[in-house]
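This report describes a pocket and some local backbone features. Please look at the sequence and the structure below before reading on.

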Amino acid sequence: MKECVLVTGGAGFIGSHTAVELVNAGYDVVIVDDLSNSDMNAVEGIRRITGADVPMEVVDCCDYHAMSEVFKKYNFNSIIHFAASKAVGESVVKPLLYYRNNITSLLNVLELMRDNGVDNLVFSSSCTVYGEPDVLPVTEQTPRKPANSPYGNTKQICEDILRDTIAAHPQIKGIALRYFNPIGAHPSALIGELPKGVPGNLVPFITQTAAGLREELSVFGDDYNTPDGSAVRDYIDVTDLAKAHVAAMARMTEGRSKSGYEIFNVGTGNGLSVLELVNKFQEVNNLKIKYKIVGRRAGDIEKIWADTSYANKELGWTAKVPIEETLRSAWAWEKNIRNIE
Ligand code: UD1
């Protein structure tokens, strides 16, 4: 019988791509999403790409009662928990919203796992838990630094909740994936990143500027201690990232985990500066976007990229999609949703 995976936040950017890869890998998928930062088009996209009639429940993971009904309706073997609020800047202004959403939803998922005998969880963590690292690249052993935003703090707290819960309930297994910077879209251009309002992240801002929705990109800072002065990140293709979830899920269900709770960096291992990324985007898509250099953005770090050797070896997974292809897919998706030829 097929394994059934609950994907919370499955209509979102990373969740939708992961749902596709899970179905492709032979899992049954059920999506729960409250559509607060996503819409049904993503679910339609998943269904079109996979040809599977993936069930979707419009439920807020913070609603314990509604979630317990979902657990009664289906027979889950495993869960991938994406559902969370994720805008760093907004989290500074609305910390209570972030603490409530991100922590309550994980507590509900864990309690329902314990009470319904569901044993495997993949959790969306973030490289933000490393803060501004002293040594690069960062490994999973690199010490976490105090978070510089409530959002980052929720990721640290959720990792700790997971660790403590698994220590007390050894039948539960968990893997936290620390994502670096996910970008790009599915090669079909049927699903991709669609932030509501003005994009806070770099690539959606670039594609919306190219599409004429935004006047000009602001590059936040050119006075960092990096080769061209702009900040450096590890940009990972969202399909590669999605496949890391499938590898993590298989590791747990096939009993290959080395301990109940494991952590993996999910990046490419390559650092790219903001200006390098902007230039590559222009080059591979053969267009120009207007940009200006402005001051640094509060809370930003200078540079971070992943040591991915542990994930490569243990998960048998490596990021494969070249950055050029990723930046082409990001633009193809933006053109598709804006009806640009
Ligand atoms: C941040 C979080 C990350 C979180 C992600 C989700 C930190 C350190 N990182 O990533 O944990 O998962 O958001 O939203 O908190 N930039 C511009 N102009 C723009 C937008 C961005 O120059 O209009 C620059 C930023 O200054 C940064 C880089 O582009 O140097 C990437 O920014 P962004 O896409 O927002 O991701 P992070 O801040 O790295």
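**Terms and basis**

Helices (H or I, at least four residues) and strands (E, at least two) are DSSP runs, numbered from the N terminus. The model is predicted: local features need pLDDT of at least 70, side-chain atom pairs count only at pLDDT 80 or more, and totals for chains, interfaces and linings use all residues. Residues are numbered from 1 along each chain as its sequence is written, and side-chain values use heavy atoms, with hydrogens and water left out.

**The second largest pocket**

On a 1 Å grid over the protein atoms alone, a pocket is an open set of points where a 1.4 Å probe fits, with protein on both sides within 12 Å along at least five of seven lines; lining residues have an atom within 4 Å of a point. Points are joined across faces, edges and corners, and a volume is the space filled by probe spheres set on them. The second largest pocket has a volume of about 210 Å³. Its lining consists of 16 residues, of which Tyr235, Thr268, Asn270, Val321 and Ile323 are the closest to the centre.

At least two lining residues come from each of β10 (235–237) and α11 (323–338). The largest share, three residues, belongs to β10.

**Backbone features**

Most residues other than glycine have a negative phi, and most peptide bonds are trans. The bond from Leu136 to Pro137 is cis, with omega near -5°. Pro137 lies in the loop between β5 (120–126) and α6 (150–168).

Leu35 has a positive phi, near 60°, and sits in the loop between β2 (28–33) and α2 (40–50).
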